[in-house]
Structures are given as structure tokens and as C-alpha cells.
Amino acid sequence: MELSRDSEPAVGPAAYAMEAEGITKSYGHLRALRGVSFQVPKGEFVTLFGKNGAGKTTFLKIAATLARPSGGRLRIHGVDIQDEPERIRRQIGFLSHSTSVYRDLTPLENLRFFSRLYGVGHTDEHINALIERIGLGRRKNDPVRAFSRGLHQRVGLARVMLHDPALLLLDEPYTGLDASAVEILNRMLDEVVAGGRTVILTTHDLELGLRASTKIHIIDRGKIVYSAARSDPGVREAYARHIRVGATK
Amino acid sequence: MANRTIGVASLLGMLTALWAVFVYAPTEATMGIVQRIFYFHVSAALMGFFAFFVVFVSSIAFLLKRDLAWDRIARCSAEIGVLFASINLATGILWAKPIWGIWWTWDARLTLQLLLWILFVSYIMLGAYIAEPMKRAALQAVFGILAFIDVPINFMAIRWWRTQHPSPVILGGEGSGLDIDMYIALIITMAAFMLLYTYLLGHRLAVERTQEEVEYFEQLVHSQ
Amino acid sequence: MRPLAALILKDIAVEMRRRESVISMMMFGLLVTVIFSFAFEPSGAERDLIAPGMLWVALTFAGVIGLNRSLAIDLDNDCLQGLLLAPVSRGSLYVGKVASNFLFMLIAELVIVPLFIIFNDLRLGGDLLWLILIVVLGTFGFAAVGTILSAISANTRMREVMLPMLQIPLTLPMIIAAVAATSLILGEDKEGFGSWMNLIIGFDIIFLIVSYLVFEYVVEE
Amino acid sequence: MNWLVAAYSVFFIGIFAYTLMMSRKQKDLDRRIEELRSLIKESDLHDS
């Protein structure tokens, strides 16, 4: 099931897909991010672990140019998000918990709309092929409103893959998925990584987070508190210390 | 305590204004002493305009600089602007009654001040219903800009509307030129109002800053 | 042009499925017209005096009803976030929304205005075209201002109340002009009609441009 | 004549009431800050 084309993703020369330096973000007096800094080399699969409210979603939204950081700098493929947001948006795909697809429209209509919006202008056959590939062939003409969480998420993922992004940002993609949906998502992710794309995935689930990742970071109360390669033995112990012990105060 | 000195200055200014209005300025021939409402009435209107202009400028400054200090100035100035506009409307009503025996005249200037009052009360109410400071500041700034741009259009619409349905005019029409002394009295009153505006703004900003400090400490205690 | 066309076609497709916006505007416009007919029972000369005001009050509130719905379809399931992710300027998102709102309002007015003329049996004679021009320009003003205000009020707690409270004061100058122009048409002398139309056109252009420039500050986080 | 008095009293009452309201609010807020400061100091002593 080849999701993304084998051509090298069209990106800038920079070595890193994403570089964050001292990113802070506060909503009123609530400081959601207190200085997050880490780099993600191209082609890497990074998992960002954190409890709910640790700042995972906020950080991903900033990286996806959806939210403006209160401080610090973030570059995607060497381009600062505040300089050329539109150019960056061509290169990233962001899937949050809500899939941002129109529930009154069918998968075909949704994908046709997003492909025109992104200006990639896929032909219907291309879109139909993508729909078949993500296993929605039978439900192609039903409004997404009637879909299960798993199917719903697949349409969301198809939306994100439409413009063949070089950097994929997935915010808690596994939440609410049944076993088969998790399995299909994992297959898609493996394919994306095989295609040379970079992935940043956030979750609070240890096993799913470790499955295909090459590097992991743990974020707690708006700061990176632990970083290591996936194979590093200290990962499970750090996870237990930061994630499972007590809720974020 | 710069604000204290401005406070004293505005007090002195107010006293000189009262002197200018009641002693220095001559009594207007046709309307008699009730015409002396004119000085405070007009000054209040002009200060209302000035306050809303400050809202317009600080709204733009906030959108460009993202600094909440501009948002604070815009919000406080809007509040004081509404205060001056309310005074202008009240004195307008109290002037129309003795002159034409009616409470409210759709005089072009009065109507414009009413529209301004409505616009900026909506501006203030908009702020009351948004929690997050940065979001509130951005949305209020946008509405502040749109509201101020509405003013010249309102001015034209009402003036033409007035020419279609003429009604008694507060200032006795364009024709009746003002006597020199009256002009001087008006200028003095305007200066006193400007001082008063600055004092009120400074004071209101101080209250706003303390309010934000309280919210900060409350959040701190809450998250203890 | 493609992203803009895509946005408008999407709004039309969703409206065809949900059928919320146009129908509610149509019904509301008719209800206001009927209420006025009962309330005033105008006849003869005084009708030409009251009719313009009645028409534009009906159109204003019908417009507000439609605009309250306009962003709801994008806020559902966080679709607005999907739009903000697209490599498209915030201004064009705004223009796309103005276009679809404008279109839906015109469709609703295709029913409201003729019925208004019939209920009040206004004799327009040759001036029907002028009336259509005023209605179209006025509706565009509502759409241009209403789209950005519905985006603003979508962020507040009292969304349904906030929109009319912001929209009506802001569009007052245009309502004054529209009512004045409409009453000129019903009357004999058309003197001053041109200046009222200029005011409406000026209003439309100014608010379209300014809203286009500041829309990004409304939708971003 | 009394219209004149009415107009000017409206002005002074308006300004005076607004200033009074502001300074009273300022006092309340200052008091609140003192309260909160002592609360924080207490809980700091408590923790350390």
C-alpha cells in the first residue's frame, strides 16, 4: 500500500526538518510552554511523550503555524515560521484529535475540496485511488458524519497526505481507535517513514509511541525533561517517572 | 506620582474653565444664559472623538507590536470616551428641552455622538465576553479599528440624512458665528478637558494594571 | 483563483446538505415583513413612508440570522483549523466566506423582496431595477462586515447575541443610506439618489479592504 | 436657569462618580493584593 510517492520530498537544503529554540507560549497567566528546544533531523520519526496538559498540542500547533509563539524561534526545513508561514504550510501535514474534515460531505467531496484548496489539483482518479488505499472504498459516497472514529481518522489522515507533506505532525492519533484502526494507522505510518518523510507524533501511550520511533522526548509542564534515542534503556524508567507518576500539578 | 500632578493641574484647569464660561464669556443674545451649556457640551463631544481616536491608534499599535500595554490604553480610553460621550448626550438633551421644548433632536452632531456612544459601548461589551487576554486584545483591536472607520461614514450619512429631514440644530446652524470671547472660553474649556482626560486615563490605567496584578497573584495562589 | 473557488463551492455543497442558512434567512425575513404588516397596516401615502424602513429592518435581521450560521459549518469538527493549515492567505479565506454569505443572502432575498413588494403592494414601475441595485449593494455590505464580525463573535461566549450587537451599530450608516435611497425610488424626485449610492459603494469597498487586511488577527491563536 | 445648573451638575456628578468609583476599586484591589501576598508568604513558609 504505497501512500506517498517515492520521489524525494521537495524541501529546503536544511539538515533539520524542525528546529525549536526556547519556544514559550502563555495563555493569559497560564504558561503552557516554558522554553522548548529540540531538533528533528530529516527522515526521523520522533515521539513526544507527555501527560494531558503538558504542552504537546500547543507545541505542535505552533510548529504547524496555527498558533503564534509568545517567544523563541522555530524553523521548518530552515525557514522561520514567522517569516514565510504559507511556504511552510505546503510542506507540513497536521492531524489533530479533531480531523478537520466536513462531516456533511463525503470523503470524495472532502478530499476534492482540500486538494483544490492546496492547489495540488489531484484528478478524481488519484483521489479515488487514495480513498481505496486507505480502505474507504465502500464508504466513498457516504457523508463522513456516519463514520466510526477509526474511519473518520482515516479520512483525516488522507487529507493530511493529499499534498504529500515532507513533515507530518500527528497529535495523539491513536486516541479513540480500535485495534484494527491502530493496525491500519501503523501500516500507513511505516509507509510514510519508508518514503523518507519526517514524523513528529505525540502520545501518552508508551508502547504505541515507541513502536516505530527513532528518537523520543518527554515534555512535562511546558519543558522537555528527557530526550534519548528509542533504543536507550533509560526510556521506560524516564517514562514511568514523568508520565505515570501523579497528574500534572 | 505624575498622575497626582496632572490631577491637580486638571482641577485648576476646570476652575479656570468655569471662570471662563460663567464670567469671561458674554451672554448669548438669543438663547440667554442657558447657552452656556454649549462650552462643556461641545468640549465633551470633542474629547469623546479624541478618546476614540486614541482607541483607534492603540488598536493598530497592538496588532503590530502585540504588546498588551497598547490594549490596556485602548480599553481604558474607550471607557473614558464613553463617559465623555454620555456627558455630551446628557447636556445635549438638557439644552434641547429649554430651547425647543423637546427632549431629543435628531440634530446631526447629536445623532453622530449617539452612534459613537453605541459603537464603543459594543466595543466594551465585546471585551467583557472573551476570557483569554491576547485573544480579547486582538478581537477588540480589530473591532476598534472597524468602529473608528465607521465614524466618517456615519458623519456623511447623518449630514445628508439631516438635509433630507431638517430638524432644530443645537449650535444655531453654521451661520451664527461665535463672538471672540466665546471662542476663547471654548478653547480654555477644551484645554481643561484635555487635562481631565489625561488624568482620568492615567488613573484608569493604574487601576487596570493593579487588576492584572491581582489576577496574576490569584492564579499563583490557585496553582499553589 | 482556484482556492477561492474551492472555498465557495465547499460552502455551497455543505449548505445544500445542511440547508440551514438560506431557509432560515428566508423564513425570518418573511416573518419580520408579516409582523410589520400587522403592526402598521400601512395604506396609501404613509405606506411609501414606512415601507423602506420595514424592508431594511427585515433584511438586516435576516442577514444576521444567516451570518450567525456562516462560520458554524467551519467550526464544526474544527474545520477552520483545516482551512488555516492550507497555504492560502487569511484574506482569501475571508473573501471566500464573504462571497458565499453574499450568495446565500441574495438567494434568500429572491423570496423576501418580491413578497415584501406584494404584501405592501408597492408601485415601483420602472424603478424595480434601481431597487434591486440597492438591495444587492446593501447585502454585499452586510456580508463584508458580517463575515468578519461573525468570526469575531465566534470567539465570545454569547455568540448569537454578540453578532447583532456588533453588526447593527457598524452597518448603521449603510442602513440609513439604503433606506433613504429606497424611499427616493418610491417617491417622484430622485434627487440625491446618486450620493446615497456612492455612500453605500464606499462603505462596501472600505470595509471589504480593511476586513481583508485584519482578518488574520481574528482567526489566529 | 435650572437647566443650566442641571447640565453642569450632570457633568460634575458624572466625572466625580467615575473618579470615586476608580479610586475605591483601586483601594479594594490593593487590599486584595496584600491578602494574596500574605497567603503566598504563608504557604511558602508552610512548604519550606
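L18(B) is partly exposed, because 17 other C-beta atoms lie within 10 Å. A buried residue would need 20 or more. L18(B) sits in helix α1 of chain B, which covers residues 2-24. A69(B) is 51 residues away from L18(B) in sequence. In space the two are 35 Å apart, C-alpha to C-alpha. All of this comes from a predicted model.

Now compare I130(B). Is I130(B) buried or exposed? I130(B) is buried, because it has 20 other C-beta atoms within 10 Å, and 20 is enough to count as buried. I130(B) lies in the loop between α4 and α5 of chain B. Leaving out residues up to four places away in sequence, I130(B) touches K135(B), R136(B) and L139(B) in chain B. I130(B) also touches N155(C) and T156(C) in chain C. F38(B) is 92 residues from I130(B) in sequence, and their C-alpha atoms are 39 Å apart.

### Two chains in outline

Chain B has six helices and zero strands. From the N terminus on, its elements run α-α-α-α-α-α. Chain D has one helix and zero strands.

| Chain | Residues | Buried | Span of C-alpha atoms along principal axes |
|---|---|---|---|
| Chain B | 224 residues | 45% | about 70 × 45 × 30 Å |
| Chain D | 48 residues | 6% | roughly 70 × 10 × 5 Å |

Take the contacts in chain B between residues at least 6 apart in sequence. Of these, 81% join residues at least 24 apart.

### Helix pairs

Two packed helices are described by the angle between their axes and the distance between the axes. Here are two pairs.

In chain B, helix α2 covers residues 37-65 and helix α3 covers residues 68-100. Their axes come within 7 Å and cross at roughly 160 degrees. That angle makes α2(B) roughly antiparallel to α3(B), because angles over 145 degrees count as roughly antiparallel. The crossing of α2(B) and α3(B) is left-handed. The residues of this contact divide into 21 nonpolar, nine polar and two charged.

In chain C, helix α2 covers residues 21-40 and helix α3 covers residues 45-70. Their axes come within 8 Å, and the crossing angle is roughly 150 degrees. So α2(C) is roughly antiparallel to α3(C). Which hand does the crossing of α2(C) and α3(C) have? That crossing is right-handed. On the α2(C) side, the residues in contact include S21(C), M25(C), F28(C) and F36(C). On the α3(C) side, they include I50(C), M54(C), F61(C) and R69(C). The residues of the contact comprise 13 nonpolar, six polar and one charged.

### Where chains meet

How many residues of chain B are in contact with chain C? There are 27, and they meet 25 residues of chain C. Helices α4 (108-128) and α5 (133-164) of chain B each supply at least two residues of that side. The most comes from α5(B), with 18 residues. By class, the side of chain B that touches chain C has 22 nonpolar, three polar and two charged residues. I130(B) takes part in this meeting of chains, through N155(C) and T156(C).

Chain D also touches chain B. Here 24 residues of chain D are in contact with 29 residues of chain B. The chain D side has 16 nonpolar, four polar and four charged residues.

Other pairs stay apart. Chain A and chain D do not touch, and their nearest C-alpha atoms are 15 Å apart. No contact joins chain C and chain D either. Their closest C-alpha atoms lie 25 Å apart.

### The core

The largest nonpolar core holds 212 residues. Which residues touch the most other members? They are L169(A), V142(B), A177(C) and V218(C). Helix α8 of chain C, residues 159-186, gives the most to this core, with 16 residues.

Definitions and conventions: Residues numbered from 1 in each chain as written. Chains lettered and ligands numbered in written order. Predicted model: local features only at pLDDT ≥ 70, side-chain atom pairs only at ≥ 80, totals over all residues. Axes fitted to C-alpha atoms, helices over the stretch in contact; angles between N-to-C directions. Helix = DSSP H or I, 4+ residues; strand = E, 2+ residues; numbered from the N terminus. Parallel < 35°, antiparallel > 145°, perpendicular 65-115°, else oblique. Left-handed = near helix turned anticlockwise from the far one by under 90°. Contact = placed C-beta atoms within 7 Å. Nonpolar A, V, L, I, M, F, W, Y, C, P; charged D, E, K, R; others polar. Core = buried A, V, L, I, M, F, W, Y, C linked by C-beta atoms within 7 Å. Buried ≥ 20, exposed ≤ 12 C-beta atoms within 10 Å, placed from the backbone.
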